[in-house]
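Thank you all for coming.

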Amino acid sequence: MLDTAGTPMLSLAWGCQMSEKRCPHCELVLDAEVGFAKGQGWCRECHKAYWRANQQRENARKREWIRKNPERHKAVVKASYEKHKAARKDYNRRYYLQHRERYAKNRKRWKAANRERLAVYDNTRRARETFRQPGGLKAKEWLAILNMAGRRCIYCGSGQQIEMDHLIPLVRGGEHTKENVAPACLACNRAKGAMTREEFVEFRKRFLLNPPVHGNSTIQPYPDAAVSLARLEESNEDAH
Ligand SMILES: [Zn+2]
Ligand SMILES: [Zn+2]
């Protein structure tokens, strides 16, 4: 059986084409192009069956070869990557165009479900581009901070139009890190402007004895913004 493996068995009988080849395993005569993969002795079906039957052993052998020939394996992978590059790009492009609507819908849904995460990306870009501040705030850190503050403004307690406040404003050298951000409502954030947290807390005490809670009057203002700030600071300590 093995002695004929790999050598094309060209039948000399009448009517047989020169491009036919006999599989030494199943003994079927097949078209050499269609029935056989290049460089293989057995026909495609026999090869497949062999691999199915010996999958574990062959995979182990493959892994062992990769372990012993890391450089050659790398080269093989790279060559394959390069070889199929154009075709893959083409396929991906066509797939995208075919499913464009679904992609757009998914993107929209993701954006709607991840507004808070997007706020981090926006703020990070602003910090980097406007203030040359690399920062290091991660989306999950911001989400944790939001959770801890109950998604409420640390200054007035409102739960509406929550934004990211930099306790020490970026414009005054504050960093874009988890130690320097807290949720603030749009109104407080605008009023705070370039004040630091301490300055704004003081400002509120002096000038806003009855700070308006915009939108929903049933929301109780925080009795003391310092409570949530202290909680925030504790948890920042924990996170170190
Ligand atoms: Zn066969
Ligand atoms: Zn507020």
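Helices here are DSSP runs of H or I with at least four residues, strands are DSSP runs of E with at least two, and both are numbered from the N terminus.

Residues are numbered from 1 along each chain as its sequence is written, and chains are lettered from A and ligands numbered from 1 in the order in which they are written.

The pLDDT is the predictor's confidence in each residue, from 0 to 100. The chain averages 82, and 79% of the residues score at least 70. Over residues 1-16, however, pLDDT stays under 50, and over residues 213-225 it is below 50 too. Where pLDDT is low, the predicted coordinates should not be read in detail.

Now for the overall layout. The chain has ten helices and four strands, and along the sequence they follow the pattern β-β-α-α-α-α-α-α-α-β-β-α-α-α.

How much of the chain is buried? A residue is buried if 20 or more other C-beta atoms lie within 10 Å of its own, exposed if 12 or fewer, and partly exposed in between, with C-beta atoms placed from the backbone. By that count, 18% of the 240 residues are buried.

Arg125, which sits in helix 6, residues 115-131, counts as exposed because it has 10 C-beta neighbours inside 10 Å.

Strand 3 gives another picture, since four of its five residues are buried. Strand 3 pairs with strand 4 in the antiparallel sense over five bridges, where pairing requires that DSSP finds at least two bridges between two strands. One of these links joins Ile162 to its bridge partner Cys185 in strand 4. Between strand 3 (162-166) and strand 4 (181-185) runs a loop that holds Gly173, and Gly173 counts as exposed because it has 9 C-beta neighbours inside 10 Å.

Which residues touch the most other members of the largest nonpolar core? Such a core is a set of buried Ala, Val, Leu, Ile, Met, Phe, Trp, Tyr and Cys residues joined through C-beta atoms within 7 Å. Of its 19 residues, they are Cys153, Tyr155, Ala182, Ala184, Cys185 and Cys188. Helix 7 (139-148), strand 3, strand 4 and helix 8 (186-192) each supply at least two residues of this core, and strand 4 gives the most, with four.

Finally, consider Cys153 and its contacts, meaning residues whose C-beta atoms, placed from the backbone, lie within 7 Å. Apart from neighbours within four places in sequence, Cys153 is in contact with Ser158, Ile162, Pro183, Ala184, Cys185 and Cys188.

Key. This is a predicted model: local features need pLDDT of at least 70, side-chain atom pairs count only at pLDDT 80 or more; totals for chains, interfaces and linings use all residues. Two residues are in contact if their C-beta atoms, placed from the backbone, lie within 7 Å.
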